[in-house]
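Work through the exercises below with the sequence and the coordinates open. Try each task before you read its solution.

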Amino acid sequence: MSKQKIPYKTYLTEEEIPKAWYNIRADMKTDHRPILNPGTHKPITAEELAPVFCDELIKQELNDTDRFIEIPEPIRNFYKMYRPSPLVRAYCLEEALKTPAKIYYKYEGGNTSGSHKLNSAIAQAYYAKEQGLRGVTTETGAGQWGTALSMACGYFGIDLKVFMVKISAQQKPYRKAVMETYGATVTPSPSDTTEIGRKILADDPETGGSLGCAISEAVEAAVTTDGYRYVLGSVLNQVLLHQSIIGLETKTAFEKIGEYPDTIIGCAGGGSNLGGLMSAFMADKLAGKSASRFIAVEPASCPSLTRGKFAYDFCDTGMVTPLAKMYTLGATFIPSANHAGGLRYHGMSPILSQLYHDGYIDEARAVAQTDVFEAATLFARVEGTLPAPESSHAILVAIDEALKCKQTGEEMTILFGLSGTGYFDLGAYMQYNEGNMTDHIPTDEELERGFSAIPQVD
């Protein structure tokens, strides 16, 4: 198909917004191992999860049989404010690279929160409201999830307490301001407001925190506050379920232009972005059809897939959450303070971990921060959108794949997820532009310290 026949942006109609989320667990050849009670090491029950999560979200978390789960009408109506999101042909990037490859990206930054996180935030806030809860607690890394959830809770009129990774709160003060504008209370983590936070600070007063630390504090705040539950923006099955709307829309858009991606690339921290983007295409692969090649891209400073262990581990640093079978660096591993705060998590989604372990996700790559920002800068200059540091991991590998096509002459179709904008990350761009950005890649000794805390579970 010639370039002239494919528009720069392919939109769906409002009627084509999916009316049901896709539950990939129903099609997986090997479902991921069950989440375990940390005390008994037995599969956790809905009753045991009830003090932590909303009732309907627990049902979604444990559902491994229903392929599609209906999206409630109030959520669909909210989606119409910013969905469907466009599938964009990166003609200018193709020209800059002089590649025969066709490069597309699904753009999820076109809402006030600036990222894909709103797809799950509005669903989780809705279910909390329907249950009659006073409010919810959560953690946030770079701030995209906290921003999205503050919007959603403000929309439904429920309270929100956010524990924001301390180094990210320092790097991105305006994210905190946006969350507070929508009515959230934001606390840098670790803090002295929780027992777990005080313990972490006692052990390391100068720590910049991590998502694992912030999760521990948010869970403690939820279970000790009447009328509250905890919600999470990545990793969990329920989150990947909600984010499947990205892949469902993307596949329909490709059908409209008569294309199908050869390679799908997504940044991977906890797994919500890549899991959502690849969902509908992974369904083809699981069904034995000709399908895409999937590449997960993570920061070299937090390499859970590429250097982690596939094991049962805690989802938080305080070791109070259930145990999940995932690729992990150990719950006590504290990543360096890189600028892709949304990817600074020690473990990977159990769904993505199992798919990677079974070979359905074809490859995982770990990339250095300075290389990521070089790719982000090129993309911004030629495509006109300033990408989030997280998304820029996928941009880097998309560029690498396109340059391989330049060498071979192969006309490959490449898709990547542009999960958010970088307009709250200008401090990072300033550091890169001034030549002051560095890379930190953990040594084997540093990783071993994290591995040593992984519980021994059969």
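The exercises that follow concern a predicted model.

**Exercise 1. A strand and its neighbours**

Task: Determine whether the residues of strand β6 are buried or exposed, face by face. Then find the strands that pair with β6.

Solution: 

Step 1. Take the strand as a whole. β6 spans residues 135–140, and six of its six residues are buried.

Step 2. One side of β6 carries G135, T137 and E139. The other carries V136, T138 and T140. Both faces are covered.

Step 3. Look for the partners. Strand β7 (residues 159–165) pairs with β6 in the parallel sense, over six bridges. T137 has K161 of β7 as its bridge partner.

Step 4. Follow the chain between these two strands. From β6 it passes through helix α6 (residues 144–156) and on to β7. This β-α-β crossover is right-handed.

**Exercise 2. An open sheet and its helices**

Task: Write down the strand order of the seven-stranded open sheet. Which strands stand at its edges, and why does each have a side without a neighbour?

Solution: 

Step 1. Write the order. It reads β1-β4-β5-β15-β10-β11-β14, with mixed pairing.

Step 2. Find the ends. β1 and β14 (363–367) each have a single partner strand, so one side of each lacks a neighbour in the sheet.

Step 3. Check the β1 end. β1 and β4 (residues 87–89) run antiparallel and are joined by two bridges. T10 is opposite L87 of β4.

Step 4. Place the helices. Helix α11 (residues 237–257) lies across β1, β4, β5 and β15, at about 140° to β5. Helix α16 (residues 389–408) lies across β5, β10, β11, β14 and β15. Its angle to β15 is about 170°.

**Exercise 3. Aromatic rings and charges**

Task: Count the aromatic pairs.

Solution: 

Step 1. Count. With ring centres within 6.5 Å as the criterion, there are 19 aromatic pairs.

Step 2. Y8 belongs to the segment before β1, and Y91 to helix α4 (residues 91–97).

Step 3. Compare exposure. Y8 has a relative accessible area of 52% and is exposed. Y91, at 10%, is buried.

Step 4. Classify Y155 and F156. Y155 is partly exposed at 43% relative accessibility. F156 is buried at 14%.

Step 5. Extend to the cluster. Ring pairs connect Y155 and F156 with F78, Y79, Y82, Y126 and Y127.

Step 6. Look for charges over rings. K309 lies over the face of F451, 4.7 Å from the ring centre. K325 has its charged end over the ring of F310, 4.6 Å from the centre.

**Exercise 4. Backbone exceptions**

Solution: 

Step 1. Most residues other than glycine have a negative phi, and most peptide bonds are trans.

Step 2. Take the cis bonds. One joins R83 and P84, with omega about 0°. P84 sits in the loop between α3 and β4. Another joins S189 and P190, with omega about 5°. P190 is in the loop between β8 and α9.

Step 3. Take the positive phi values. V235 has a phi of about 70°. Its loop runs between β9 and α11. M319 has a phi near 60°. Its loop is the one between β12 and β13.

Step 4. V235 is buried at 5% relative accessibility. M319, at 32%, is partly exposed.

Methods:
Residues are numbered from 1 along each chain as its sequence is written. This is a predicted model: local features need pLDDT of at least 70, side-chain atom pairs count only at pLDDT 80 or more; totals for chains, interfaces and linings use all residues. Side-chain values use heavy atoms; hydrogens and water are left out. Buried means under 20% relative accessible area, exposed over 50%, partly exposed in between (1.4 Å probe, protein chains only). Helices (H or I, at least four residues) and strands (E, at least two) are DSSP runs, numbered from the N terminus. Two strands pair if DSSP finds at least two bridges between them. A crossover is right-handed if, with the strands pointing away from the viewer, the path from the first strand over the helix to the second runs clockwise. Rings of Phe, Tyr and Trp (its six-membered ring) pair if their centres lie within 6.5 Å; planes under 30 degrees apart count as stacked, over 60 as edge-to-face and the rest as tilted. A charge sits over a ring if NZ of Lys or CZ of Arg is within 6 Å of the ring centre and within 35 degrees of the ring normal. Contact means heavy atoms within 4.5 Å. Axes are lines fitted to C-alpha atoms, for helices over the stretch in contact, and angles run from 0 to 180 degrees between N-to-C directions.
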